[in-house]
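Have the structure open as you read.

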Amino acid sequence: MPQDQTDDGFEREAQRIGRRIRDVREQHGLTQERVFLAVPMNRAHYQDVEAGRANPTLRTVWRIACAIGVPVRDLVE
């Protein structure tokens, strides 16, 4: 199995995307609360997304992108 397809690779990617979501949210001057209420989702799950501990669906990532006001690609690049 190639290195980037291991569970460790997935965990690293989840953490990278979570950091990216946090960074983009902060660049737009939004609080976590404003985003998770707009999605909607509960606070703990949203915090887990930003920390890379959750595995959000594509629909959830799309809703987060909409709440922030950016295309999905801005959260995953």
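Asp48 is partly exposed, with a relative accessible area of 25%; here buried means under 20% relative accessible area, exposed over 50%, and partly exposed in between, using a 1.4 Å probe and protein chains only. Its side chain meets that of Arg53 in a salt bridge at 2.8 Å, N to O, and Arg53 counts as exposed at 61%. A salt bridge is taken as a side-chain nitrogen of Lys or Arg within 4 Å of a carboxyl oxygen of Asp or Glu.

A word on the source: this is a predicted model, in which local features need pLDDT of at least 70 and side-chain atom pairs count only at pLDDT 80 or more, while totals for chains, interfaces and linings use all residues. Residues are numbered from 1 along each chain as its sequence is written, and side-chain values use heavy atoms, with hydrogens and water left out.

**Charged pairs**

Side chains of opposite charge can pair when their charged atoms come close. The whole structure holds six salt bridges, including these:

| Pair | N to O distance |
|---|---|
| Arg53 and Asp48 | 2.8 Å |
| Arg25 and Glu26 | 3.9 Å |
| Arg43 and Glu33 | 4.0 Å |

Arg43 lies in helix α3 and Glu33 in helix α2, so this pair ties together parts that are 10 residues apart in sequence. Helices are DSSP runs (H or I, at least four residues), numbered from the N terminus. Both partners are partly exposed: Arg43 has a relative accessible area of 41%, and Glu33 is also at 41%.

**The loop between α2 and α3**

Between α2 (32-38) and α3 (43-51) runs a loop that contains Pro40. A cis peptide bond links Val39 to Pro40, with omega at about -15°.

**The nonpolar core**

A nonpolar core is a set of buried Ala, Val, Leu, Ile, Met, Phe, Trp, Tyr and Cys residues joined through side-chain atoms within 4.5 Å. The largest one has 16 residues, and those with the most contacts inside it include Val35, Tyr46 and Ile64. Helices α1 (7-27), α2, α3 and α4 (58-68) each supply at least two of its residues, and α4 gives the most, with four.

Leaving aside residues up to four places away in sequence, Val35 touches Arg25, Leu30, Tyr46, Ile64, Ala67 and Ile68, where contact means heavy atoms within 4.5 Å.
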